[in-house]
Amino acid sequence: TRRARPAAPVEPNGARAHYMRARLGADAAGTTIAPFARQDSALLSVLVEADALLIRPVNDPQRPAGHEVEYVPL
């Protein structure tokens, strides 16, 4: 896994771990990550556009923009 800062706030997670399809970016402070709005597992078009999976642990609270999160590069 690696670490990046969300480009926007990420909503809290529930009782299951969630691997959100996302796109990596960069700014002057380092790597950013932006999860796609649509996360339905049947949407292969979103998976094709993703270059990372943002890891949301069980019961993870909301993460503000700029707060580091873990991700898996694709």
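Select residues 44-49 first: this run is helix α1, and Leu-47 lies in it. The model on screen is a predicted one.

Stay on Leu-47 and show its side chain. Is this residue buried, partly exposed or exposed? Its relative accessibility is 40%, so Leu-47 counts as partly exposed; the partly exposed class runs between the 20% limit for buried and the 50% limit for exposed.

Now clear the selection and colour the whole chain by secondary structure. The protein has 1 helix and 5 strands. Read from the N terminus, the order of elements is β-β-β-α-β-β. The radius of gyration is 12 Å, close to the 11 Å that the globule rule gives for 74 residues, so the protein is as compact as a globular protein of that length.

The trace spans about 35 × 25 × 20 Å.

Bring back all heavy atoms and look at the contacts. Of those between residues at least 6 apart in sequence, what share joins residues at least 24 apart? The figure is 66%.

Finish with the surface of the whole protein.

Note on methods
Residues numbered from 1 in each chain as written. Predicted model: local features only at pLDDT ≥ 70, side-chain atom pairs only at ≥ 80, totals over all residues. Heavy atoms only, no water. Helix = DSSP H or I, 4+ residues; strand = E, 2+ residues; numbered from the N terminus. Buried < 20%, exposed > 50% of the residue type's maximum accessible area, 1.4 Å probe, protein only. Rg over C-alpha atoms; globule rule 2.2 N^0.38 Å. Contact = heavy atoms within 4.5 Å.
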